[in-house]
Amino acid sequence: MLFADVIRAKRDGGELSREQLQFFVDGLADESLPAEQVSSLAMAVFLNGMSFDEAATLTIGMSQSGTVLDWSDAGLDGPVVDKHSTGGVGDKVSFLLAPIAAACGCYVPMISGRGLGHTGGTTDKAEAIPGYSTAPDFETFKRVVRSVGCAVIGQTADLAPADRRLYAIRDVTATVESIPLITASILSKKIAAGLDALVMDVKVGTGAFMPTYEKSVDLAKSIIATAARADLKTSAVLTDMNEVLGTTAGNALEIAESMAYLRNDYRDSRLDDVVMALCAEMLLVTGLEDDLERALARCDKAVVSGQAAERFDEMCVALGGPPGFVAGSEKHLAKAPVTKAVHAAGYLAGVDVRAVGNAIIELGGGRRRVGEALDLSVGFSDVARIGTLLDGETPLAIVHAASDNEAQRAGQLLLDACSIHDEPPKSEPTIHDKISG
Ligand code: URA
């Protein structure tokens, strides 16, 4: 088969056959297809879409492109369940939710992604923890999930390798924002992880990949319907991404905020709403709880009691990170040499979150090219919430940068991304809706 014919068929709006899609998946996984052909097909799909059958065939093909995990012989006494986000800025939910869910009786084999487009990636953030391995062998991964209840790792070479390659190419070729490609990317990893159930965090707003609320709903429905084809029970929570989630955006800074949350020192209320809603949904979807209020209370107790922090510390050590990381994270995390407060006067009324994510890429915290090394220390902290009255005292954010010039530039990009008004804006909910499978 000539791959140029496959690209041409999709370029001209045709439907790809099972054989053509399998040829694509195989060529991704064994790297026989060159990047220019992969990116051309990705762009043709971006422009012309895919039918439900094409997307489902691509998803299942990609999920089987490497090892498929099986937990049936692992002797687990609870459900194997995970959550995945469609991508946002400041989204550090995974580091909180995985240990909370584990403390509540779930087993969470979380295979996360790197930064994609303007959004940050859990795998990159985890690499801010010195020594923490995001690519353990499968035996180690399974052992950690079995003994601790959770393991947050990156995509290994063996697991859904077709997605690993396509993901890296989409990241730098403006081909991320496609419902079939996002569906296939997320679900291929999750099906390969051998889950009993999945909870999706589908982002809505200026930092989401989907441009409108309706498109985010379409994405949620696409993921739920495609997962059902693979017998994976999935539900989706639609959450707000019209501003940075929490008070930080940038790899090491987000890990620091996550540890403050797990210590129960500081839980930003929007971040807390999202973590609790998703975690409670994991308990409901797996039948560990049948009442939302009870599920929420159980998740909260896991934080307040310190049990979630203990799980995180155990996971961290088991994957090569430092002992006592939750309590002592500050001494282990890289710090940028320059910090600079960004000021404005008036109410913060709106944020172009995509532009904030792009400012982090400009600082060196995200990729412009496949495989680029990141500066994990850079980003924004003390990020003001929409509705905050900004003045000489309360900044819009603090920039963490490698140099004065870069701090200056990122500060300007942040200001350009924000609208400041004289009147306070009306407040918006953090949790928009839930769609059950
Ligand atoms: N997360 C993924 O794993 N893939 C996407 O395409 C988007 C978000």
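In which strand is Thr-234 found?

Tutor: Thr-234 is part of strand E5, which covers residues 233-240. Strands (E, at least two residues) and helices (H or I, at least four) are DSSP runs, numbered from the N terminus. Before we go on, please keep in mind that this is a predicted model, in which local features need pLDDT of at least 70 and side-chain atom pairs count only at pLDDT 80 or more, while totals for chains, interfaces and linings use all residues. Residues are numbered from 1 along each chain as its sequence is written, and side-chain values use heavy atoms, with hydrogens and water left out.

Back to our residue. Thr-234 has 4% relative accessibility, so it counts as buried (buried is under 20% relative accessible area, exposed is over 50%, and partly exposed is in between, with a 1.4 Å probe and protein chains only). Its side chain reaches the backbone oxygen of Leu-232 at 3.1 Å. This is a polar contact, meaning a pair of N or O atoms within 3.5 Å; within protein, one must be able to donate a hydrogen and the other to accept it, and residues adjacent in sequence count only if both atoms are side-chain atoms. If we set aside neighbours within four places in sequence, Thr-234 is in contact (heavy atoms within 4.5 Å) with Leu-198, Met-200, Ile-223, Ile-224, Ala-227, Ser-436 and Gly-437.

Another buried residue is worth a visit. Val-353 lies in helix H16, residues 353-363, and it counts as buried because its relative accessibility is 0%. Not counting residues up to four places away in sequence, Val-353 touches Val-89, Thr-206, Gly-207, Met-241, Asn-242, Glu-243 and Val-244.

Now step back to the whole chain. The domain assignment gives domain 1 (3-63), domain 2 (81-330) and domain 3 (334-421); such bounds come from an automatic or database assignment. Between the C-alpha centres of domain 1 and domain 2 there are 27 Å. In this pair, 26 residues of domain 1 are in contact with 25 residues of domain 2. The two bury about 2,100 Å² between them, and carbon and sulfur atoms give 76% of that area. Here buried area is the accessible area (1.4 Å probe) that two parts lose on being put together, summed over both. Phe-46, Thr-59 and Met-62 supply 28% of the area that domain 1 buries against domain 2, more than any other three residues.

Across this interface the rule finds two residue pairs in polar contact, both at pLDDT 80 or more. On the side of domain 1 that touches domain 2, the elements giving two or more residues are helix H2 (18-29), helix H3 (35-48) and helix H4 (52-63). H4 gives the largest share of that side, nine residues. Sorted by class, the side has 19 nonpolar, five polar and two charged residues. In this scheme Ala, Val, Leu, Ile, Met, Phe, Trp, Tyr, Cys and Pro are nonpolar, Asp, Glu, Lys and Arg are charged, and the others, Gly among them, are polar.

Charged pairs come next. Side chains of opposite charge can pair when their charged atoms come close. A salt bridge here is a side-chain nitrogen of Lys or Arg within 4 Å of a carboxyl oxygen of Asp or Glu, and the structure holds 28 of them. One salt bridge is found across the interface of domain 1 and domain 2. Arg-229 forms a salt bridge with Asp-53, with 2.6 Å between the closest N and O atoms. Arg-229 sits in helix H10 (residues 213-229) and Asp-53 in helix H4, so this pair ties together parts 176 residues apart in sequence. Both ends are partly exposed: Arg-229 has a relative accessible area of 42%, and Asp-53 has 41% relative accessibility.

Glu-257 forms a salt bridge with Lys-92, where the closest N and O atoms are 2.8 Å apart. This pair also links distant parts of the chain, 165 residues apart: Glu-257 is in helix H11 (residues 251-262), and Lys-92 is in the loop between strand E1 (81-85) and helix H5 (93-103). Glu-257 and Lys-92 are both buried. Elsewhere, salt bridges that share partners join Arg-114, Asp-124, Glu-127 and Arg-367 into one network.
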